[in-house]
Structures are given as C-alpha cells and as structure tokens.
Amino acid sequence: MAGGSVGPTGVAKERAEQYQGRVTGYVVVTCLIAAVGGSIFGYDIGISGGVTSMDGFLRKFFPDVYRNKQHAHENNYCKYNNQVLASFTSSLYLAGLVSSLVASTITRNYGRRASIVCGGVSFLVGATLNASAQNLAMLLLGRIMLGVGIGFGNQAVLLYLSEMAPAHLRGALNIMFQLATTLGIFTANMINYGTDKLRPWGWRLSLGLAAVPALLMTVGGLFLPETPNSLVERGNNEEGRRILEKIRGTKNVNAEFQDIVDASELAKAIKHPFRNILEKRNRPQLVMAIFMPTFQILTGINSILFYAPVLFQSMGFGGSASLYSSALTGAVLASSTFISIATVDKWGRRALLISGGIQMVVCQCVVAVILGVKFGDHQELSKGFSILVVTVICLFVLAFGWSWGPLGWTVPSEIFPLETRSAGQSITVAVNLFFTFIIGQSFLSLLCAFKFGIFLFFAGWVTIMTIFVYVFLPETKGVPIEEMIFQWRRHWFWKRIVPAYPELDESNGRESNSMEMGAR
C-alpha cells in the first residue's frame, strides 16, 4: 500500500485501563542516559553566544565586528550586526534541519539507538574541528558537523524517551531531555565565564569541551536497550516483549504489548511515511508538528540564550558582567525545568503552556518599555534599571522553562501513531531547526532595526501561540502513546477531520484492510 493511503491512523481499541506495571529503576536509568542527548543541544546554545562576544575569537575570525565593538560611539543596538557572525551561530541549525530528515529513515529502519550513536559521533567530530579551527571555513565545517549531530540526536532521543516511559510519567521522563538541554546551557555559560579570562585562546576550550557531552551520548547509545516499539516495528516481537516486561517490572504486559503489535501492523503497511503523514486523517498531528516547534522558537528564547552576552553588552554591561548575567539566565532556565517535571503529569500540558505564555508576554512588554524609555543610542542603563531588566528577563526564562521549553518538544513526540512517528518527529525537529536558523541569522539585524521593539515582536507571537493552545491542543497527560488517536477523535475541532474508527476513510470511501486487522 504505497503511501499508506487507506485506513485510519492508530490502534482500534482502547486498552489503557488494562495497562500494568510500575516505574522501575531500569526505565529511569535508561531515560536518564538517553536524555544526555539533550545536553549537546543545550551546550551549543549556551556556548555560541559567549564565544561570539570573546575578543580573541572575534579578532581571529571576525575582525570587522571586533573593531566595531571597540567603538564607543556607535548605535548600541547595532554593534554586533554582522551576517557572517550570525552565520557562525545559525549554520549549525541549517545542517541539523537536513540531517533530521535523513535520520527519520535510519531511526525507523535501524532503531532509535542507531540515530543516537550517529548523532554523538557527528557532534564529536564537529567539536574537534571547532576547537582546532585555523580559518573560517574550518570553523563553519565544524558547525555543520555539530548540526548533523543535533539533527540525529533530537530526532531519536525524544522518540526513545516517549516510547520507554510509562504513560502516567511520560511527561516527566520526556522532559529529562529539556533538563539535560538546560543543564547544558548553564554549564556552557559557566565555562564561558571561566574561559573568557584565558586570553586569547579560551574560546578554543569552550568549543572543544562540547566533545564531553558528545562522548557521553555516543557511549550511552551503545549500551542502551532498544525500545519495545522499535523492536516490534522491525519484526523482533520476542525481544520487544522481553524489554517491555523489564522496563515495566511485570510479566503482565499483554494490553500494552498488544497495542504495540497493532500499531506495528499498521506501520508495516506504510511504505512512505512522509507521504502518509500528509493524509487528511493525520492533519492534527501534522499541524502540531509544525506549529509547536515554530511557536517555541518565536517565544524569542533562543535569541536571548544565543546572544545573551551580546545582548547584555549592548545594554551597557561590561564583558565579564554580561557573561555572568547570561550564566544567571541559564541557571534560572535549568531550575525552572524541575517545575515542569513535578507538575506536567499532574496539571497537564495545556495548563503549563497557557500560564507560561501569559507570564512571558508580560515580561517581554515590561522589558520593551524599560528599554524604550531609558535606553537609546550613546546611552547605558543605570545600575538599577540594568538589574531590573535582568530580573524580568529571568522571569521570562523561568516561564519558558516550565512551559514551551520542555513541552514544545514533549507534545509533538507523544502524539504520532507508530506508522508516522519517526517521520513526524523529523518534521518537528526540522521545523524547530529551520526557525532557529531564521531567527539566529536575523536576530542581530532585527535587534538593530527594531531596537527595544524586538521584545514586542516576540510578545505578539507568544500571545498568538497561547490562544492556539487554548483552542486547538487537547490534553495528552496520562494517555498511552499508542492510544493518542482517541484524543483527536474527542476534540471539538479535530473530530471533524479524524475519521471515527471503524468508519470509512473519507480519502477513498472504502474500509481499510488495516482496520480489519486492528479490530481482530
């Protein structure tokens, strides 16, 4: 059935109440090891902004930017506006976009572990190239290899976590990825604070230490068990059941295993998952796979984290003070992730996303007003207002850390049926990295053009995404991953699009063989 154009998505029967098992130490340890993959993403976000504000790095690769930085009379908002400098940061994400689409095939055909290992090795190579870079070409090649690593890692790690975790704790265990990301950011900020004093070569140490999380990810991937879903999808049912029994701590896994088998049978009928995902019945998941990562980036968080040292220097903070301030925001982001871990499976995804969105809008508007009134060309913020700006930015980061930070990844990773899960996660990662690239490439120019209005620009987007969640996102907490389809069929809007099982598929008007197979 090329393209999988017939049959509704997902399993035929709800068995969630029959699921057995407990939270085992084995599943927690495997999820913690896998989540280390998030640290490579976070480390790069944190390290890039700090390195691009270091004099030794700028003198070697971006002398024009270094000269502009020394001029005290230029526009405060435009001193770092350089497209080549922006390309150093954003080139990684363009490479990650392409590699995440390639990773889908590897993840589906060879398992989640294979992509995790590929990502770790690529990131290791990139870190080595960057640390030893002698020219701009070598530097950018290293960034591209880092991007390949992130594309593979982000595509596979989140799928791994969603499939290994029990339904009632899937949110918390999935957010381990975001926790690793935020800890990576914080670690990178602290490293930048230290290496900034090692002039002129400290930037090499900052970039080279990216090899540490890459090595952990590679070695961890070699020793992790494969997920039961992936094993069954590739025809290894006995091993899949053995792993499922081990991670659930019980032999009585019949209901969950049957859901996996049913989903696998449907998945095997799909020869072209990227084509299948465009079918009307997959529209809700596709919409979320596109809009959730898009909105996550349009919160403006990556701009603040990429360019925090640059941003704070533009506001008049000294070099070391700006790195210290960005380290503070990194610490706030890491700590706020624990709020999400503690509440996501209790309060649900929607409550966190909506409350976080409201707080972010308020904070961005406050920062815009302060900068608009008190900060302009040839001016510096007073000490009092500088502290206030950093405080409000930290409150913004705090809100992001419990809401769109982790849940922008968690929600897309848990909503797809097995037959399109790998392709769906690739789309999520590709969209995230595409908009990360766009914002990363354009932020310095936007800062120069919009000045304090950049915060109002992002506040407008956060308002839109908060309304979007309230209207279109159903609650997914506690729902087994292979039974997520039933949430779309109950939703006031999406039930008009997703066919009710076992009705005829609207796309062809005849009952699917895969439906009959799932109903047996």
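Predicted model: local features only at pLDDT ≥ 70, side-chain atom pairs only at ≥ 80, totals over all residues.

Trainee: How many aromatic pairs does the structure hold?

Mentor: A pair of aromatic rings is described by the distance of the centres and the angle of the planes. Rings of Phe, Tyr and Trp (its six-membered ring) pair if their centres lie within 6.5 Å; planes under 30 degrees apart count as stacked, over 60 as edge-to-face and the rest as tilted. The structure holds 20 such pairs. One of them joins F295 and W404 edge-to-face, with 6.2 Å from centre to centre and 90° between the planes.

Trainee: Which helices does the pair of F295 and W404 link?

Mentor: Helices (H or I, at least four residues) and strands (E, at least two) are DSSP runs, numbered from the N terminus. F295 belongs to helix 16 (residues 283-298) and W404 to helix 22 (residues 404-415), so the pair links distant parts of the chain, 109 residues apart.

Trainee: Is F295 buried or exposed?

Mentor: Buried means under 20% relative accessible area, exposed over 50%, and partly exposed in between (1.4 Å probe, protein chains only). F295 is buried because its relative accessible area is 4%, and W404 is buried at 0%.

Trainee: Why is the pair of F493 and W494 classed as edge-to-face?

Mentor: The ring centres of F493 and W494 are 4.9 Å apart and their planes lie at 80°, so the pair is edge-to-face. F493 is partly exposed, with a relative accessible area of 24%, whereas W494 is buried at 4%. Ring pairs also link F291, F295, W404, F468, F472, W488, W492, F493 and W494 into a cluster.

Trainee: How many salt bridges are counted?

Mentor: Side chains of opposite charge can pair when their charged atoms come close. A salt bridge is a side-chain nitrogen of Lys or Arg within 4 Å of a carboxyl oxygen of Asp or Glu. By this rule the count is 15 salt bridges. R112 and E163 form one of them, at 2.7 Å from N to O. This pair links distant parts of the chain, with R112 in helix 6 (residues 112-131) and E163 in helix 7 (residues 136-164), 51 residues apart. R112 is buried at 1% relative accessible area, and E163 counts as buried at 2%.

Trainee: What partner does E414 have in a salt bridge?

Mentor: E414 is bridged to R170, the closest N and O atoms being 2.8 Å apart. The pair links distant parts of the chain: E414 is in helix 22 and R170 in helix 8 (residues 170-174), 244 residues apart. E414 is buried at 0%, and R170 is buried at 1%.

Trainee: How do the accessibilities of D196 and R199 read?

Mentor: D196 and R199 form a salt bridge whose closest N and O atoms are 3.4 Å apart. D196 is buried at 9%, while R199 counts as exposed at 59%. Salt bridges that share partners join R108, R112, E163, E233, R421 and E482 into one network.

Trainee: Which side chain makes a polar contact with that of R349?

Mentor: A polar contact is a pair of N or O atoms within 3.5 Å; within protein, one must be able to donate a hydrogen and the other to accept it, and residues adjacent in sequence count only if both atoms are side-chain atoms. The side chain of R349 makes such a contact with the side chain of T476, at 3.3 Å. R349 lies in helix 20 (residues 349-374) and is buried at 0%. T476 is in the loop between helix 24 (453-472) and helix 25 (485-490), and T476 is buried at 1%.

Trainee: Where does the charged end of R59 sit?

Mentor: A charge sits over a ring if NZ of Lys or CZ of Arg is within 6 Å of the ring centre and within 35 degrees of the ring normal. The charged end of R59 sits over the ring of Y66, 5.2 Å from its centre. That of R241 sits over the ring of F257, 5.4 Å from the centre.

Trainee: Which residues make the nonpolar surface patch?

Mentor: Patches are made of residues with over 30% relative accessible area and no salt bridge: like charges are joined within 9 Å, nonpolar side chains (Val, Leu, Ile, Met, Phe, Trp, Tyr) within 5 Å. Accessible areas come from the Shrake-Rupley method with a 1.4 Å probe, and for residues only the protein chains shown count as cover. L215, V219, L222 and F223 make a nonpolar patch of about 430 Å². V219 is in helix 11 (residues 211-223) and counts as partly exposed at 40%.

Conventions. Residues numbered from 1 in each chain as written. Heavy atoms only, no water.
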